[in-house]
Amino acid sequence: MSYAYLFKYIIIGDTGVGKSCLLLQFTDKRFQPVHDLTIGVEFGARMITIDGKQIKLQIWDTAGQESFRSITRSYYRGAAGALLVYDITRRDTFNHLTTWLEDARQHSNSNMVIMLIGNKSDLESRREVKKEEGEAFAREHGLIFMETSAKTAANVEEAFINTAKEIYEKIQEGVFDINNEANGIKIGPQHSPSNPALGGGGGAGGSQAGGGCC
Amino acid sequence: MSSSEAEEEGFESAGEDVEEKTKHSPKKNKQTAEKEKDEAASNESTEKSQTAEEVKTEKEESQKDTEEVEPKKEESQNNTDKAEPKKEEDAVTKEEEEDAVQSTEATPTEGANVKDDEVAEPKASAKSTDEDSKEEVKEEKEPGKEEDKVEEPPKDGEDMERKPIPLRKRPGKEEEEKEEKIHSALDKLAGEEKPSGGWGWGGWGSSFGSSLMSTASAVGQSFVSVVEDVESSIGSGLTTVVHGVESSLGIPPPEEMSKDEAETAKEDKSKEEKGPEEKGESDETKETKEEKEEGAEGEASPQQTSGGGLWGALGVSMVANVVQNTTKKVVSGTLDSLEYVGKKTMDVLAEGDPGYKKTKHIIEVAGQKSHLSQVLREAKEEAEQRAKEAEEEEAHRKANFGIMFDEFQGLAHLEALEMLSNQSEGKVQAVLSALSGEEQEELKAELIQVKEAFKLEDVVEEEAEAQEVQEFAKTVTELLFELHIGMTPDKLNKAQTDALEYLTQSEKDLEEGETKDPQDLHTAAIQMLAELTAKSIHQFLKAAELILMQKDPEKTPLERAQTLTKLTSALCEEVSVLSNKYCVCLNTAASKAEKPDDFSHLITNVYLEASNSASYIQDAFQLLLPIIQESCIQTKNLALSAFQKHL
C-alpha cells in the first residue's frame, strides 16, 4: 500500500493492562481474551487517512514485564507517538505511570506525542481509577487522554487516530523534521494515494467531468 | 519618443472604440504583412527604398523630437508587422487611413522594408537628416549584410512558417484571431531579427532601440487594423454579437499564448545578441522609449508580456528591462481582465436576445443528449480501466518480495534487531575500552572466539537437497531448544508448513493434468520467501531479546553462537530447498502453458529473490553477534561478582 507518511508508535505500560489487545483491536478489529505474554516487542501496522492523506501506522507493542524493561527501552527511540496504557481496574498500574513517563521522555525524542489511555473501560463495576484522575494526570503532564476498551473497541480507533492527528499537526507546524527518521516519521513512496477508492471514485469523477462539460 | 507617443495616441483612439478588436487587428496586419512580403520580394529594392524614404520623412516630421536613428529602427522592425496592414487598408477603405493618418503613414514604409530590413535601413539612414547618422548606418550596414547571409536560413524558416498562416487566416476570423497572437509574436521576432546586422556586442544597443521602435510601430498598426476591423465588421453586416461569440470561442487560452510567448522570447534573445547596426544613440533614451512602447505593446498584444523577459540577460539594460517587463505584465493583466469583462458582457447581451437564447437552448439540449450516454459510457470505461489497473497493481504488489516482506513485518523486525544490535555493540566497545591489560586481552580472545563461531559454512547446500523438507521443523525446534531460551519456532514452522502445503497441492493438481497459472505460482513463491524470511528474522529478534534478558544462562555464549550458526544454515537451506521446489512446480506449470518461454523470467525471479532472502537472513544473523558478545560480558561480570561474593 502506498502511503504519504509512516508514523512509528510504541505502546507502553504495565503488564496485563491490555496493550496487545488494544493493538489487536486496532489492526484486526478483534478481541482475544487469552493472550501470550509479549516477548520483547511485537508489531502491528494499519493504514489510516488524515486530511486526505494515507498514513501508515507502524505500532511497536512492547512487553510490559519488568524484566523486559531494559530491552524495551531500546525501542523507544525513533517513535513519533506513544500510547501509555494503564488499567482502570488496577490502581497500581496507574501509580506506575510516572515511571513509565520518565522512561519514555528519557529515551525518546522530545517531540514524541504521548496519549494516556485508561483501558478496560467496559469493566465499570471494577473501576479503581476515576476518569477525572486520568484527566488530571494527563493535564499535568501535557498528554492527551482517553478511556478505551479493547474488548468493546470503544475509543480504540480514536486513540490511535487522534495521536496520529496530533503528530500530523506537528508536522504541519514544522515541529517534526520529517526528513529525520529518528523522529519516527518516514515519507512514503510517492505514489498517488488513490488505491482504496479506485472503482467508485473513478466512476464518480467521470460523471462529474461529464456534468461539467455540459 | 514622439513616434511612440503618436502611435499610442492613435491606438488609444481606436482602442476606445473597440478594445477587443485590437487584438484581432495585429493578426490581420501580420497576415497581410506576410502576403506583402512575398509580393514585396519582387518589388523589394525599389519600392522599399522609396517607401522607406517616404516613411522616414513622414516619421521624422511627426516625431521631430526623436532621433533619426530610432525611426529607422522602428521602421525596419515594424515593417514586418505593419507593411501589409497598409495595403489592406488602402484596398479596403481609405477611411481608416484618415482615422489614423500617422499610423498608416508609418505602415507603408514599414511594409516596404518588411522583407529586407537591411536594405531598408541603409536607405533610411541615408535619408535621415543627420549625415553623421547616415555614415554610421552605412558602416554598420556592411557588417550587417554579412550577417544577413548567415541569418538567411532562419529567415527562410520564418517565411515557411508564415506562408501557411495566411491560408489559415482566410478561412475564418476565429482562426485568424487565434493565429493573431502567434503571429504578433512571430512578427515581433522577425522584425527584430532582421534588423540585427551583426552578432557582435557592439550592435547590441541598437537592436534594442530598433526593437522598441518596431513594437511602437506595431502598436500603431494594431490600432489601424482595429479601425479596419470595426469598419469591415460594420460593412459586412456582422453584428457585435457575432464578434463576441467568436472571440469567446476563438481566442486561445492564456496557456497557448504563454507558449507562444516563450517561443518568441527565445527568438528575442537571439535577436538581441545579434544586435543590429546602431547609431550613437544612448541606450537610456532607447530604454525609455522602450518602456513607453512596450506599454503600448502590452495593450495591443498581451502575448508579448513574457516575450521580453529574457532581455535582461544582457545586463546593460537590466533595470530598464525590469521596468519594461513589469509594465508589460501590469498592462497585459489589465487587458486580460478587460477582455474577460467584455466577453462576459457580450454573453449577457447575447442571452438577452430571445432568439439567441432559444437557439442556444436547443443546441444545449441536443448536446446534452448525445453527451449523457457518451459520458456514462466513458465513465464506465474509465472505471473499468481503473479497476483493471488497480488489480494489476495489486497483483504486482503481491509478487514483490520487498513489499511482502514489509507486509509480514519483516522490516520492523529487522529494525528492532538492528536497534538491539547497535546498542549491544556500543556496550561491548565501552566495556572493552574500559578494561585494560590482561582483562582486556582475555575478553578480546573470548569475543573473537564468538566471532569465529559466527562464520557460516558455505558448502551446506548439497546436503540440503538430500534432506527431507519435513525435517526442517524438527531441526529448527531442536536448535532453538539448544539455545535454551525457552522459545519455540511456532510462527516459523507454520510459515514453512503453509508453504509446503501449497506446494504439495499445486504439484498434485499439475500431476492430475490441471493447468495452473504460472503467475499465481510465482506470486505464491515470492510470498513464501517473504514470509519465511520475515519469520526467520522475527525468530532472531526474539532470540536476541531473550539472550539479553537471561542473566544466568546455562549455555555459554560460545555454544549459543554455534547453535545460532546452525540455525541460520538450516534457514538458508530451507529457503533454497523450498524455492527449488517452487521453481520445479512453476516450470511444470509453464510447460503446460501456451508459451512456456514467457514464464522463464518468473523462474529467474524466484531464484533471484531466494538468494536475496538468504542474504537477508544471513545479514540478520550477523546482527546477533554483538548481542552474543554482550552476553559474554554479562556472564563474565556475573562470574566475577559471584567470585567476589564467594570470597
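**Cysteines, fold and interface of a two-chain model**

By the rule applied here, which takes a disulfide to be a pair of cysteine sulfur atoms within 2.5 Å, the count over all chains is zero. This is a predicted model, in which local features need pLDDT of at least 70 and side-chain atom pairs count only at pLDDT 80 or more, whereas totals for chains, interfaces and linings use all residues. Residues are numbered from 1 along each chain as its sequence is written, chains are lettered from A and ligands numbered from 1 in the order in which they are written, and side-chain values use heavy atoms, with hydrogens and water left out.

A disulfide is a covalent bond between the sulfur atoms of two cysteines. For B:Cys583, the closest cysteine sulfur is that of B:Cys585, and because the separation is 9.8 Å, the two are too far apart for a bond. B:Cys585 is likewise in no disulfide, its nearest cysteine sulfur being that of B:Cys583. Buried residues are those under 20% relative accessible area, with exposed meaning over 50% and partly exposed the range in between (1.4 Å probe, protein chains only). B:Cys583 is buried, at a relative accessible area of 3%, and B:Cys585 is buried at 2%.

Of the 647 residues in chain B, 51% are buried. A contact requires heavy atoms within 4.5 Å. Among contacts in chain B between residues at least 6 apart in sequence, 88% join residues at least 24 apart.

Chain B also meets chain A, with 27 residues of chain B in contact with 29 residues of chain A. The area buried between them is about 2,400 Å², and carbon and sulfur atoms give 60% of it; buried area is the accessible area (1.4 Å probe) that two parts lose on being put together, summed over both.

Four salt bridges are found across this interface, each a side-chain nitrogen of Lys or Arg within 4 Å of a carboxyl oxygen of Asp or Glu. One of them joins A:Glu42 to B:Lys542, with the closest N and O atoms 3.3 Å apart. On the side of chain B that touches chain A, the elements giving two or more residues are α16 (354-398), α18 (410-434) and α23 (518-549) of chain B. The largest share, 10 residues, comes from α16(B).

Terms used. Helix = DSSP H or I, 4+ residues; strand = E, 2+ residues; numbered from the N terminus.
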